[in-house]
Amino acid sequence: QHVKVEPEVLAYPGQDVTLRCQFVQDGEAKLTQVSWIWEPVNGQKQNIAVFHPNFGASYPSSPLKGRISFINSSLENPSIHITALVLGDEGKYTCEYATYPSGNDQGTTSLFVLVKPRSSADIITVPAGDSPVAVARCVAAGGRPAADVSWETAAQGNWTTVPTQNSDGTVTMTSEYLLAPTSEDNGKDISCVVKHKTLKIPARFPLKLFVEYRLTLSDTQYSPYWASHLLQHCLTGQMPENVVISHNKLTVLKVDEAVNSTFVCEVNTRLGATREQISVIVRGPSLTPSLSGQDGRGVILSAALGSAPLGALLS
């Protein structure tokens, strides 16, 4: 091929751009005329610039007229310059030579007018359930061309992505991650990944899944995301002096008969309240006081006299 052009040119709205063309001689072909032909993304081919060595340059009527010009008045190097790009300028630009005696020869450049998408991602708070629901949403709005949206997570779900064509020629991609959420999914990492021609590296939006479920007492230490209130009190009366409550932990500073009490831990969430109680019975000056829960089972607290936390059930 004798006509040398750039296969692809990337530009942005409002910018100026140069489309290069050069004829490389390797014989005795006579150049008679060169033309630029534009094929819009959704339109018909049309001549936009013509150069003839005797008649000079001409610019037929087109949406580019007044914004397009030859850089050099030369058949050998008829590159063109386009100013104030708009989205509608995107398309294929063909530099076509008329030669004698071999006929026409041409090369085509694809011009992409890019718009960087406005991207964001959000978690959707959902209750635990058996049916797949959207637990996260990611939007890459107003991109050109359309952005590629994907998800990275250890959760066992999948995603759907829906494109929306905007009136200005851009595309908005809306992606939702679908999952049958369980309590084990709460707090799992999930990231939306957006890829686009305007981005040197993909844009990443790290999030954490937010699944509501009814807590058991042992869940409270693992679910800090949505436990709205935690209350601990003594069922048998005033809290003993040698018992300290800090955040969600109850600690017996000294194990003796004074802690013979029933302690209640209550967690309130938007899905309701969960309540557990545990009774402490110090049998004597031994090192192993016993604890009794609601189900009546005895629980041994392995602690010597002194400071001892009341284990995971009260944390």
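**Figure 1. Disulfides of the predicted model.** The chain holds 2 disulfides, a disulfide being a pair of cysteine sulfur atoms within 2.5 Å. Numbered in sequence order, the bonded cysteines pair 1-2, 3-4. The model is predicted, with pLDDT of at least 70 needed for local features and 80 or more for side-chain atom pairs, while totals for chains, interfaces and linings use all residues. Residues are numbered from 1 along each chain as its sequence is written, and side-chain values use heavy atoms, without hydrogens and water.

**Figure 2. The link between Cys-21 and Cys-95.** The two sulfur atoms are 2.0 Å apart. The S-S torsion is about -80°, so this disulfide is left-handed. Cys-21 belongs to strand E4 (residues 21-23) and Cys-95 to strand E10 (residues 91-100), so the bond ties together parts 74 residues apart in sequence; strands are DSSP runs of at least two residues, numbered from the N terminus. Cys-21 is buried at 1% relative accessible area, and Cys-95 is buried at 0%, where buried means under 20% (1.4 Å probe, protein chains only).

**Figure 3. The link between Cys-138 and Cys-192.** The S to S distance is 1.9 Å, and the link is left-handed, with -75° about the S-S bond. Cys-138 in strand E14 (residues 133-143) and Cys-192 in strand E18 (residues 189-195) are 54 residues apart. Both cysteines are buried.

**Figure 4. Surroundings of Val-17.** Leaving out residues up to four places away in sequence, Val-17 touches Val-9, Ala-11, Ile-80, His-81, Ile-82, Leu-85 and Leu-111; contact means heavy atoms within 4.5 Å.

Definitions and conventions
Helices (H or I, at least four residues) and strands (E, at least two) are DSSP runs, numbered from the N terminus. Buried means under 20% relative accessible area, exposed over 50%, partly exposed in between (1.4 Å probe, protein chains only).
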